[in-house]
Amino acid sequence: MGVTHHGRTHRLDLADPTLREWTCRVLAADPEQGVVLDRSAFYPGGGGQPPDHGVLLWQGVQTRIVGTRKGDDLWLVPADGDPLPPVGTEVTGAVEDTRRTMLMRTHSGLHVLCGVVFRDFGALVTGGNMEPGEARMDFNLPEVPPDFKTRIEELVNAEVAADRSVAVRVLPRADALALPDIIRTQSNLIPPDEQEVRIVDIVGLDVQADGGTHVASTAQIGKVQVVKVESKGRANRRVRVRLAD
């Protein structure tokens with residue numbers, strides 16, 4: 001999955017995560033695989049962030065998009081029974097705003113959580129997953145204080161309230177890997193053949209390689225509730241969070 005392209009598709013989602021509607025042209029349409037567009041703002045999923053949902057509108061017809069298949073091309077998966085626009089058709093793509101916006105808030109909230117736990121406890125991420133408005137993140141953290149859950153919630157919400165800017169840039173691989181602590185996961189998940197690395201910087205708190213979509217500042221995340229802290233092995237702790245509506 002490239003920073004600007006995936007196969008024949010120019011990725012608009014990473015260039016402008018606020019984009020919700022655009023015009024494009026169908027490059028491929030297959031009943032088994034789905035639809036390939038020349039330009040797409042559908043986030044295809046990855047790094048724990050699920051793919052976008054939305055619609056393609058063409059010649060008075062609507063095709064609902066409910067997922068993606070990633071291979072040499074980026075295939076958009078239509079809902080069962082929905083028609084496929086023919087190759088060459090100009091269509092209007094539209095991302096479901098409520099779902100995407102909540103996923104952006106959730107993903108940025110996880111980066112704040114990651115930054116706080118790394119800064120104050122020195123722990124790396126061992127896994128994670130998210131759905132709109134709720135998520136979990138696992139940390140290599142052998143010991144936690146009795147008030148860990150309360151402290152983490154207070155610290156995360158203090159960083160949210162600080163309204164820190166969330167900046168995104170793309171660096172050559174060597175430059176990105178030279179940044180201190182740029183890999184916040186226990187293993188390096190950057191594909192070995194990826195020559196450009198996208199960096200997400202919550203200014204003053206957290207800088208890491210990341211391929212997802214984010215809000216522009218931490219204040220847009222909203223209040224974060226730490227729902228539960230669980231032990232998942234001798235040194236693994238799972239933190240479950242939920243966002244306010």
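**Cores, a helix and a sheet in a predicted model**

Let me start with Val-241, which touches Leu-110, Leu-113, Gly-133, Glu-134, Ala-135, Val-224, Gln-225, Val-226 and Val-227, leaving aside residues up to four places away in sequence; contact here means heavy atoms within 4.5 Å. Residues are numbered from 1 along each chain as its sequence is written, and side-chain values use heavy atoms, with hydrogens and water left out.

Val-241 is one of the residues with the most contacts inside the largest nonpolar core, which has 31 residues, and the others named are Leu-113, Phe-139, Ile-152 and Val-156. By a nonpolar core I mean a set of buried Ala, Val, Leu, Ile, Met, Phe, Trp, Tyr and Cys residues joined through side-chain atoms within 4.5 Å, where buried means under 20% relative accessible area, exposed over 50%, and partly exposed in between, with a 1.4 Å probe and protein chains only. At least two residues of this core come from each of helix 2, strand 10 (125–131), strand 11 (134–140), helix 3 (148–161), strand 13, strand 15 (224–231) and strand 16 (236–243); helices (H or I, at least four residues) and strands (E, at least two) are DSSP runs, numbered from the N terminus. Helix 2 gives the most, with nine residues. Apart from this core lies another, of 14 residues, among them Val-26, Val-35, Val-91 and Val-95.

Turning to helix 3, which of its residues are buried? They are Phe-148, Ile-152, Val-156, Asn-157, Glu-159 and Val-160, and, seen down the helix axis, they fall within an arc of 155°, so they line one face of the helix; the arc is that of the directions from the axis to the C-beta atoms. What covers these buried residues includes helix 2, strand 15 and strand 16, whereas Glu-154 and Ala-161, on the other side of helix 3, are exposed. After helix 3 comes Asp-163, whose phi is positive, near 55°.

Now to the sheet, which is open and has three strands in the order 12-13-14, with antiparallel pairing; two strands pair if DSSP finds at least two bridges between them. Strand 12 (166–172) and strand 14 (206–209) stand at the edges with a single partner strand each, so one side of each is left without a neighbour in the sheet. From one strand to the next the twist averages 20°. Helix 2 (residues 97–121) packs on the sheet, touching strand 13 and strand 14, and its direction makes about 115° with that of strand 14, where axes are lines fitted to C-alpha atoms, for helices over the stretch in contact, and angles run from 0 to 180 degrees between N-to-C directions. Strand 12 and strand 13 (residues 196–202) pair over seven bridges, with Leu-171 opposite Val-197 in strand 13. Asp-201, also in strand 13, counts as buried because its relative accessibility is 14%, and it touches Ser-165, Val-166, Ala-167, Arg-169, Asp-206 and Val-207, again not counting residues up to four places away in sequence.

Finally, Ala-28 is found in strand 3 (residues 21–30) and, at 11% relative accessibility, counts as buried. Ala-28 and Val-224 are 196 residues apart in sequence and 41 Å apart in space, C-alpha to C-alpha.

Technical notes:
Predicted model: local features only at pLDDT ≥ 70, side-chain atom pairs only at ≥ 80, totals over all residues.
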